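Please read them with the model open.

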Amino acid sequence: MLKRRVQTVVARPVDLSPSRDDFEVVGVFNPGVAAMDDQTVMLVRVAERPRNDRRGFTALPRWDPDRRLVVDWLPNDALTPVDPRVVCINKTGRARLTFTSHLRVLRSRDGHRIDTWDGPRFQPQLAWESYGVEDARVTRIGQRWYFTYVAVSPWGVATALASTNDFHTFRRHGIVFCPENKDVVLFPERIGGSYWAVHRPVPATPFSSPELWLARSEDLLGWGDHRRLAGGDAGWEADRIGAGPPPLRIEQGWLLLYHGSRPSRRHGRVGAYCAGAMLLDADRPGDISARSTDRLMHPETDFERTGFVPQVVFPTGIVRVAERLRVYYGAADTCTAMVEFLIDDVLGALA
Ligand code: MAN
């Protein structure tokens, strides 16, 4: 396990106000991160759900076509719980989320403490976002900040692209990876003349588990030349792996942190989410030059072990500060945390 140099909880659900008075924030986590001139900007995922229970019913929130947050109350006997986040509607076999997410902008001068809590929101607006928008991954390309995000709706779990200059106004570019695909990260520059992305298709049949794939694009919108990058080889990543923060260019190549989980031993639970890393060749990002031999991060502290979804560390943002890496991550699908590692320690853990 890597030595954690500095570690701090950056944001908790109590720090944020819900979208409606009768809702509660259950998670502020999985932040996309942009290191701008004098501040660290975080595009956090805010998950919320109705505050009050109705006996015998489950609340299933969604955004309606008029962009209002509404709640469908369904009788419990019409549903089968899947995990703390998901239920299945017995009649249709379709999944619904027990919460909904939007993205909110938080700003920090020192990268540790938030100075601005009430930043702009990026809320569901379109049909294919009606169950929520989640898990932004922010990459600076040229003068603009691009972010992929997960768009969830009755049409499935897709990845869409948006961009901004200032984190005040946003431009949507549409779905870039159709359902089911998430954990899409963009490389910050062209390599061999093309843009590149790591993505994570989710197979519908058990021929394979969800794994890392690579794709190429000329315009960030149309993606092709797909090829498999890596699967979960070790036990801790055997169930699924997905990219963490966007790849970071260091002297030795592209450093890609990723998350992995093992199958849960208990029905209805999610296996622990841990993090590893790989180094990709600077000019041929499909070539893995080195990979962690064990987990670099695993749920250790109370705030990583207990929460809305227990036992989760889920890195989504990275900032280099001289010889250190600040890794921003979601802890137990509840808080946003930051941990610092020495780059040399990370590289020393790869073989
Ligand atoms: C999984 C989890 C949830 C997420 C849904 C939809 O169940 O990652 O947090 O809301 O997928 O993306």
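Which residues are around the ligand?

1. This is a predicted model. The ligand has these residues around it: Arg45, Arg85, Val86, Leu97, Phe99, Glu134, Val150, Val152, Val157 and Lys182. Sorted by class, this shell holds 6 nonpolar and 4 charged residues, with no polar ones.

2. Glu134 places a polar side-chain atom 2.5 Å from a ligand oxygen. For Lys182, the distance from a polar side-chain atom to an oxygen of the ligand is 2.8 Å. In Arg45, a side-chain N or O atom lies 3.1 Å from a ligand oxygen. The ligand on its own exposes 310 Å², and 82% of that is buried by the protein.

3. Where does the ligand sit? The ligand takes up the space of the largest pocket.

4. Now the cysteines. How many disulfides are there? The count is 0. A disulfide covalently links the sulfur atoms of two cysteines. Take Cys335: the closest cysteine sulfur belongs to Cys274, 18 Å away, so the pair is too far apart for a bond. The cut-off for a disulfide is a sulfur pair within 2.5 Å.

5. Is Cys335 buried or exposed? Cys335 counts as buried because its relative accessibility is 8%, and buried means under 20%. Cys88 has 22% relative accessibility, so Cys88 counts as partly exposed.

Technical notes
Residues are numbered from 1 along each chain as its sequence is written. This is a predicted model: local features need pLDDT of at least 70, side-chain atom pairs count only at pLDDT 80 or more; totals for chains, interfaces and linings use all residues. Side-chain values use heavy atoms; hydrogens and water are left out. Buried means under 20% relative accessible area, exposed over 50%, partly exposed in between (1.4 Å probe, protein chains only). A residue is near a molecule or strand if one of its heavy atoms lies within 4 Å of it. A polar contact is a pair of N or O atoms within 3.5 Å; within protein, one must be able to donate a hydrogen and the other to accept it, and residues adjacent in sequence count only if both atoms are side-chain atoms. Accessible areas come from the Shrake-Rupley method with a 1.4 Å probe; for residues, only the protein chains shown count as cover. On a 1 Å grid over the protein atoms alone, a cavity is a set of points where a 1.4 Å probe fits but cannot get out, and a pocket is an open set with protein on both sides within 12 Å along at least five of seven lines; lining residues have an atom within 4 Å of a point. A molecule sits in a cavity or pocket if more than half of its atoms lie within 2 Å of its grid points. Ala, Val, Leu, Ile, Met, Phe, Trp, Tyr, Cys and Pro count as nonpolar, Asp, Glu, Lys and Arg as charged, and the others, Gly among them, as polar.
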